[in-house]
Amino acid sequence: MSNLENKNTDTEGINGSQLKDSGFSNLKYLVVGIFFGIVFVKAEIISWFRIQEMFHLQSFFMYGVIGSAVVVGLISVQLIKKFNIKTLQGEKIEIQPKTFNKGQIYGGLMFGFGWAITGACPGPLFAQIGTGVTVIVVTLVSAIFGTWVYGLIKDKLPH
């Protein structure tokens, strides 16, 4: 049995959680997703023009949003580690150490080029589609296809 198969047993959920969520309990993720979609739209984070301003170095707005998210993430992880914070279900949160490899450089460049060309980051794709920018469906399908292709060839890529 491979290492991946060992981590995903019938009694173990995603990210090592021992608890299983029912379909109905997953409704909370839909509610949070809708909330974030509304915030992204109102804050213009999903705006193609804002993204183009960022990549043309014409505006600090998106860098401020991304930088704020990084700071909040760093503080959150440090608080989780320092105070041994548990999930709402009482499970210990384990943050696995990450190792750097050169494939992350190539992947980051491909991600950045795709983001600059399409004006769409994978996070707010659904919010963009929800606002009526239906051409983003092409980007969504391409992202899904790219993820599928990566899954097929990941063993041959530099890791």
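These legends describe close-up views of a predicted model.

**View A. Second largest pocket: volume and centre.** The second largest pocket holds about 720 Å³ of space. Its lining counts 24 residues. Closest to the pocket centre are Gly107, Met110, Phe111, Gly146 and Tyr150. Two elements each give two or more residues to this lining: helix 5 (103-118) and helix 7 (136-153).

**View B. Second largest pocket: make-up of the lining.** Helix 5 supplies the largest share of the lining, nine residues. By class, 13 lining residues are nonpolar and eleven are polar.

View C. Helix 2 covers residues 27-42, 16 residues in total. From its first C-alpha to its last, helix 2 reaches 23 Å. That span is close to the 22 Å expected at 1.5 Å a residue. Glutamate 44 follows helix 2 and has a positive phi, near 65°.

**View D. Packing of helix 3 against helix 4.** Helix 3 (residues 48-55) packs on helix 4 (residues 61-83) at an angle of about 90°. The two axes lie 8 Å apart. Angles of 65 to 115 degrees count as roughly perpendicular, and helix 3 and helix 4 are therefore roughly perpendicular to each other. Helix 3 makes the contact through Arg50, Ile51 and Met54. Helix 4 makes it through Phe61, Met62, Tyr63 and Ile66. The contact of helix 3 with helix 4 has six nonpolar residues, one charged and no polar.

How values were computed
Residues are numbered from 1 along each chain as its sequence is written. This is a predicted model: local features need pLDDT of at least 70, side-chain atom pairs count only at pLDDT 80 or more; totals for chains, interfaces and linings use all residues. Side-chain values use heavy atoms; hydrogens and water are left out. On a 1 Å grid over the protein atoms alone, a cavity is a set of points where a 1.4 Å probe fits but cannot get out, and a pocket is an open set with protein on both sides within 12 Å along at least five of seven lines; lining residues have an atom within 4 Å of a point. Grid points are joined across faces, edges and corners, and a volume is the space filled by probe spheres set on the points. Helices (H or I, at least four residues) and strands (E, at least two) are DSSP runs, numbered from the N terminus. Ala, Val, Leu, Ile, Met, Phe, Trp, Tyr, Cys and Pro count as nonpolar, Asp, Glu, Lys and Arg as charged, and the others, Gly among them, as polar. The expected span of a helix is 1.5 Å times one less than its number of residues. Axes are lines fitted to C-alpha atoms, for helices over the stretch in contact, and angles run from 0 to 180 degrees between N-to-C directions. Angles under 35 degrees count as roughly parallel, over 145 as roughly antiparallel, 65 to 115 as roughly perpendicular and the rest as oblique. Contact means heavy atoms within 4.5 Å.
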